[in-house]
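Subject: Structure handed over, with notes

Hello,

Here is the structure we spoke about. Please look through it with the notes below at hand.

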Amino acid sequence: MIKLAEKGNLDRIVKIIEDGKEALRDMGINQWQDGYPDRDVLAADIDNQELYIYLEDGEIISVMTLLTDYDNAYDTLVGGEWKGKTYIAVHRLSVAREHKGKGISKKMISYAIEKASEMGLDSIRIDTHMENTVVKNISDSFGFEYKGVIEFDEGGKGIAYEKMLERKFGVYTKKFEELSNKEIYDILRLRQNVFMIEQDIKFEDIDGLDPFCIHIFAYIKDKLAGYIRVIPERISFEEPSMGRYCVCDEMRGLGIGGELFERAINYIHDIMEKPIIRIHAQSYLAEPYRRAGFEIVGEEYILEGLPHVEMVKIKNIEN
C-alpha cells in the first residue's frame, strides 16, 4: 500500500534514505553524498504532504517525494524542451536495503504516474545524477523521454526525463436538455453538498436558470467530481456569467476545478464569442479569480447569505 507519510514515520524514512545513499556510494555514484537530503528536507516534505511511503505487512520499505509546486531547477534545462505545462516531479525515491531488487521502485513510479494523471496534470518529470543508470533504465521502461541536462538547486548537474499523460477524468459540456437524469441528479446533489451542507447556508439553489445554462462538469469513473455552469447574457447580467462552481470534497487538489474554470472562460470567449464575463464571486475567492484575469468592480455585498463581490474579466484582443 502506498500512502502519505506522517511525522511519526520520519525515523524510518531517514533510515531508508541512508540506505539509498549507501547504495549509490557502492555503485560509485556521487549523488546524495554531501548530506542531502537530510532530516529537515524530509520533514518539510511530510509537512507539505508530498512524501509517500510504501507499506508491506505494516513496514515502510520505500519512500518517494512527489513535488507538485514549481521547481526552479527545471528552468535550467539545456538540450531539450519541456512539453507539459503542469507536472509532478519525482524526487527522493529510495528503497530499504533488504527490499532492493523486488521491483518496488517501479511500483512507486507507477503510482506517481497514476496520481499525476488523476490530478489532470500534463506530465510527470524525473531527474537524476548523470551516472545513475538505475533511474535511467526505469525511465526508459515507462516510456519517459530524455529532455536534457539541468542544474540541481543543491549544486551539480543531472539528466532529466518527461512523460506526457492522459487525464483520468472526463470533462463534458452540455445544454440542459442534453443532460441525462443521472447527470441532473448528480449535479444537484453535488451543489447541495457543497453550498448547503458544507457551507451551511440556506438559499434557492434550483433557481430556474439551469434550463438556460451551459453545464460543464467532470466525472472520475461514475462519480461527479466537479461542476460549473455558464449563464448567457441578459440573465444574471447584461454580459455572460459563470456560477455554481464546485468540486467534490474528496477530489479537490486533482486539477479538476482549474480545468472546469478554464473551460467555462473559453466557452464564453471562444464559443459564445463574448469578450466580457461578469460574475458574483464569494469574497474569499476573489484572489484566485483575480489570478485568472478577473477584476473587482464595486463594493462587497451579501448574496445568498455570504459576502460577495462583483468581478469582470475582459478578453485581451490582439491586433
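D222 sits in the loop between β9 (214-220) and β10 (223-231). Is D222 buried or exposed? Its relative accessibility is 64%, so D222 counts as exposed. In sequence D222 and F169 are 53 residues apart, while in space their C-alpha atoms are 10.0 Å apart. Please keep in mind that this is a predicted model.

The whole chain

The protein chain has 7 helices and 14 strands. Taken along the principal axes, its C-alpha atoms fill a box of roughly 70 × 50 × 35 Å. There are 319 residues in the chain, and buried residues make up 48% of them. Consider the contacts between residues at least 6 apart in sequence: 66% of these join residues at least 24 apart.

Helices α1 and α2

Two packed helices are described by the angle between their axes and the distance between the axes. Helix α1 covers residues 10-26 and helix α2 covers residues 39-47. Their axes come within 10 Å and cross at roughly 125 degrees. The crossing of α1 past α2 is right-handed. Which residues make the contact? On the α1 side they are L10, D11, I13, V14 and I17, and on the α2 side R39, L42, A43 and I46. By type, the residues of this contact comprise 7 nonpolar and 2 charged, with no polar ones.

The loop between α1 and α2

Most residues other than glycine have a negative phi, and most peptide bonds are trans. The loop between α1 and α2 holds W32 and P37. W32 is not a glycine, yet its phi is positive, about 65 degrees. With a relative accessibility of 12%, W32 counts as buried, because the cut-off for buried is under 20%. The peptide bond from Y36 to P37 is cis, and its omega is near -5 degrees.

R244 lies in strand β11, which runs over residues 241-247. R244 also has a positive phi without being a glycine, with a value near 55 degrees. The relative accessible area of R244 is 12%, so this residue is buried.

H91 is placed in strand β4, residues 87-95. H91 counts as buried because its relative accessibility is 13%. What does H91 touch, leaving out residues up to four places away in sequence? The list is M64, T65, L67, D71, Y74 and D127.

Helix α3

Helix α3 takes in residues 104-118, which makes 15 residues. From its first C-alpha to its last it reaches 21 Å, close to the 21 Å expected at 1.5 Å a residue. An α-helix has 3.6 residues a turn, so residues three or four places apart point the same way. With that in mind, which residues of α3 are buried? They are I104, S105, M108, I109, A112, I113, A116 and S117. After α3 comes G120, and the phi of G120 is positive, near 75 degrees.

Regards

Technical notes
Residues are numbered from 1 along each chain as its sequence is written. This is a predicted model: local features need pLDDT of at least 70, side-chain atom pairs count only at pLDDT 80 or more; totals for chains, interfaces and linings use all residues. Side-chain values use heavy atoms; hydrogens and water are left out. Helices (H or I, at least four residues) and strands (E, at least two) are DSSP runs, numbered from the N terminus. The expected span of a helix is 1.5 Å times one less than its number of residues. Buried means under 20% relative accessible area, exposed over 50%, partly exposed in between (1.4 Å probe, protein chains only). Axes are lines fitted to C-alpha atoms, for helices over the stretch in contact, and angles run from 0 to 180 degrees between N-to-C directions. A crossing is left-handed if the near helix is turned anticlockwise from the far one by less than a right angle, and right-handed if clockwise. Contact means heavy atoms within 4.5 Å. Ala, Val, Leu, Ile, Met, Phe, Trp, Tyr, Cys and Pro count as nonpolar, Asp, Glu, Lys and Arg as charged, and the others, Gly among them, as polar.
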